[in-house]
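Please look over the sequence and the structure shown below. A short report on selected parts follows.

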Amino acid sequence: MLGYVMKRLFAAVAVVAALVGSSVSAFDLVDLRKLEETNECVGCNLTNANLRYANLAHANLTSVDLTDANLTGVNLAGANLTLSALDGADLTGANLNGTNLTEASLQDANLTLVRLKQTNFTNAHLGDANLTGTKLTEANLTGAYLGGVNLIVSTLTNVKLTNLSGVKS
């Protein structure tokens, strides 16, 4: 009987150790609470965070790490994401109208059907990002990297497209 209990205890410890070991790339709960309470989280780690349908309008998210975060349907209208990492993030159906993404990285991000009116992508990295069905209106893409970007059935109206890189002429 004691041997059985010890085996079960050992198995439980192994599971806990595996979970703790795999949480290295997870978001910081303190940072998430800070964002929820203040609508500001400068330099925070929100990697892999699930922020589906969150209202983060006008949030200050400068230098935040949102790598692989679930941002489906999130409202980031007017938010500041300067120097932020959104690599691999899912922003499907999000509102990024008036959002500042200057020098942000959106490598492999999913921006399908995202609203991008007056969005600032100055010097942003959008390599291999999916912008299928987006409507970029009066957006600024000055100096942006667009290598491999998918713009199928997207509409660009009065978009600033100067000094682009990664685009074949």
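Where is F27 found? F27 lies in the loop between α1 (2–22) and α2.

## Basis of the report

This is a predicted model, in which local features need pLDDT of at least 70 and side-chain atom pairs count only at pLDDT 80 or more, while totals for chains, interfaces and linings use all residues. Residues are numbered from 1 along each chain as its sequence is written, and side-chain values use heavy atoms, with hydrogens and water left out.

## Overall make-up

The protein has two helices and three strands, in the order α-α-β-β-β along the sequence. Helices (H or I, at least four residues) and strands (E, at least two) are DSSP runs, numbered from the N terminus.

Of the 169 residues of the protein, 38% count as buried; buried means under 20% relative accessible area, exposed over 50%, and partly exposed in between (1.4 Å probe, protein chains only). The protein exposes about 9,000 Å², and carbon and sulfur atoms supply 56% of this area. Accessible areas come from the Shrake-Rupley method with a 1.4 Å probe; for residues, only the protein chains shown count as cover.

Among contacts in the protein with a separation of 6 or more, residues 24 or more positions apart account for 0%. Contact means heavy atoms within 4.5 Å.

F27 counts as partly exposed because its relative accessibility is 30%. Leaving aside residues up to four places away in sequence, F27 touches L32, N45, L46, T47, N48 and A49. F27 and A49 are 22 residues apart in sequence, and their C-alpha atoms are 5.8 Å apart in space.

## D31 in helix α2

D31 sits in helix α2 (residues 29–38). Which residues does D31 touch, not counting those up to four places away in sequence? They are C41, C44, N45 and L46. The side chain of D31 also reaches the backbone nitrogen of N45, at 2.8 Å.

D31 is buried yet has no salt bridge, that is, a side-chain nitrogen of Lys or Arg within 4 Å of a carboxyl oxygen of Asp or Glu. The nearest side chain of opposite charge is K34, 5.9 Å away; Lys and Arg count as positive and Asp and Glu as negative, while His and the chain ends are not counted.

## A nonpolar surface patch

L151, L156 and L161 form a nonpolar patch on the surface, with about 230 Å² of accessible area together. Patches are made of residues with over 30% relative accessible area and no salt bridge; like charges are joined within 9 Å, and nonpolar side chains (Val, Leu, Ile, Met, Phe, Trp, Tyr) within 5 Å. L156 belongs to strand β3 (residues 155–157) and is partly exposed, with a relative accessible area of 39%.

How values were computed
Polar contact = N/O pair within 3.5 Å; in protein donor to acceptor, adjacent residues only side chain to side chain.
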